Amino acid sequence: IIGFQLGGYISNQRIDYLSVLSYEQQIAFDSLQLQYAYITTLLQEKNCPTILKAMKNNIYQLEIQRKKLEEYVNQDDLEEFQVLKHQYMLAEIRYWLFSQQTSKICKDDVTRILYFYTKYCDDCDIQGAVLDSLKQEFKDQVLIFSLDLDLDETLIHILKEAFVVSSAPSIVIENKTYTGIMNQKTLTEHICSQLDQKPEVC
């Protein structure tokens, strides 16, 4: 009986802990959404420096929070985490669309990457690590938007069809699709070809 009670206590403690994590993730997401709502009101050429700085920071923070959420989902398939993950995926798409809008007005020197992955995909883990490394090298000159193909979201399905994504991992660089894992050297060459001001890594 004591063992059963202790097991129940530990289980409840874990649920409480995960609920707190879920709540913290929701707050982080709400903050990003409010920031998005604010910077979209500034979309004029005179505000470009402010917009670009805020947008790039928000996309970076969005990706950090998404990775944390992925870890929580892998630890425990709690419904709240799945709902939050869906919200984050939509936010990734929203920022991708917004970044394309800003490029027309602000003429930013940035390469945009859509990264399609799935949960049970060893190559996706490797590709994700390569993209993380490239982000560290290119910093604000590369914007990465990660989308889970396993998620039942209509807009992801639409993007999948639009870019002819047949499997994971797949990468879309400025509207051109590359299927299968890409090594760092090849990706670097593709990114550099899109940039006017080449960083040292090019």
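**Exercise 1.** Work out which cysteine is joined to cysteine 48 by a disulfide, and what the link ties together.

*Solution.* Start with the sulfurs: a disulfide (a pair of cysteine sulfur atoms within 2.5 Å) joins cysteine 48 to cysteine 106, S to S 2.2 Å. Helices here are DSSP runs of H or I, at least four residues, and strands are E runs of at least two, numbered from the N terminus. Then check the torsion: about -90 degrees around the S-S bond, so this one is left-handed.

A quick note on the model: it's predicted, with local features needing pLDDT of at least 70 and side-chain atom pairs counting only at pLDDT 80 or more, while totals for chains, interfaces and linings use all residues. Residues are numbered from 1 along each chain as its sequence is written, and side-chain values use heavy atoms, leaving out hydrogens and water.

**Exercise 2.** Find the handedness of the disulfide of cysteine 121 and cysteine 124, then decide whether cysteine 124 is buried or exposed.

*Solution.* The torsion about the S-S bond is about 80 degrees, so the link is right-handed. Now accessibility: buried means under 20% relative accessible area, exposed over 50%, partly exposed in between (1.4 Å probe, protein chains only). Cysteine 124 has 4%, so it counts as buried.

**Exercise 3.** Treat cysteine 192 and cysteine 202 likewise.

*Solution.* Their disulfide spans 1.9 Å, S to S. With -95 degrees about that bond, it's left-handed. Cysteine 192 is buried at 8%, whereas cysteine 202 is partly exposed at 42%.
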